[in-house]
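Welcome! Here is a short tour for anyone meeting this structure for the first time. Take a look at the sequence and the model, and then read on.

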Amino acid sequence: MIIQFNTDKTIEGKERYEVYFTTKIMHELKRFQNEISRIEAHISDENGKKEGVNAIRCLLEARIEGKKPISVVDQGDTIELAISGSTAKLKAVLETIIGKSKNR
């Protein structure tokens, strides 16, 4: 499973975030590593340099072997909250999709 990490120009410390969150996403979705070829994480600050509530947006797109890509979005006050929320959503969707296909 490959994880591609993308940020917009307003997110500072991309390298530090990339290593930490790539590891976190890999750990959370480890049980799906054989079914997922790639995950793309897109992190952006919806307010740019201005302050705001739930301004950080995380979109995760998963490429599942033999299926159409799926994506989830979550927003939070911090990058950590946005990524944790979108990872939890993606995990739930993957459990539904992969669980259904294994039960057939």
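## The overall layout

Starting at the N terminus, the chain runs through its elements in the order β-α-β-β-β-α. That gives two helices and four strands. Both kinds of element are DSSP runs numbered from the N terminus, with helices being H or I of at least four residues and strands being E of at least two.

Before going further, please keep in mind that this is a predicted model: local features need pLDDT of at least 70, side-chain atom pairs count only at pLDDT 80 or more, and totals for chains, interfaces and linings use all residues. Residues are numbered from 1 along each chain as its sequence is written, and side-chain values use heavy atoms, with hydrogens and water left out.

## Surface and contacts

How much of the chain is buried? Of its 104 residues, 37% count as buried. Here buried means under 20% relative accessible area, exposed means over 50%, and partly exposed lies in between (1.4 Å probe, protein chains only). The accessible surface of the chain comes to about 6400 Å², and carbon and sulfur atoms hold 48% of that surface. These areas come from the Shrake-Rupley method with a 1.4 Å probe, and for residues only the protein chains shown count as cover.

Contacts (heavy atoms within 4.5 Å) also reach along the sequence. Among contacts with a separation of 6 or more, 53% are between residues 24 or more positions apart.

## The nonpolar core

In soluble globular proteins, nonpolar side chains tend to be buried together. A nonpolar core is a set of buried Ala, Val, Leu, Ile, Met, Phe, Trp, Tyr and Cys residues joined through side-chain atoms within 4.5 Å. The largest one here has 25 residues, and the members touching the most others are I39, I43, L60, I79, I83, L90 and L94. Strand 1 (2–7), helix 1 (14–28), strand 2 (36–45), strand 3 (56–64), strand 4 (70–76) and helix 2 (79–102) each give at least two residues to this core. Helix 2 provides the largest share, six residues.

I83 counts as buried because its relative accessibility is 0%. Leaving aside residues up to four places away in sequence, I83 touches F5, F21, I25, I43 and C58. F21 is 62 residues from I83 along the chain, yet their C-alpha atoms are separated by 7.7 Å.

## Salt bridges

How many salt bridges does the structure hold? There are six, each being a side-chain nitrogen of Lys or Arg within 4 Å of a carboxyl oxygen of Asp or Glu. In one of them, the side chains of E95 and R31 meet at 3.2 Å, N to O. E95 lies in helix 2 and R31 in the loop between helix 1 and strand 2, so this pair ties together parts that are 64 residues apart in sequence. R31 is exposed, with a relative accessible area of 58%, while E95 is partly exposed at 37%.

Another salt bridge joins D74 and K89, at 3.1 Å from N to O. D74 lies in strand 4 and K89 in helix 2, so the pair links parts 15 residues apart in sequence. Salt bridges with shared partners also join R38, E40, E61 and R63 into one network. Within it, the closest N and O atoms of E40 and R63 are 3.9 Å apart.
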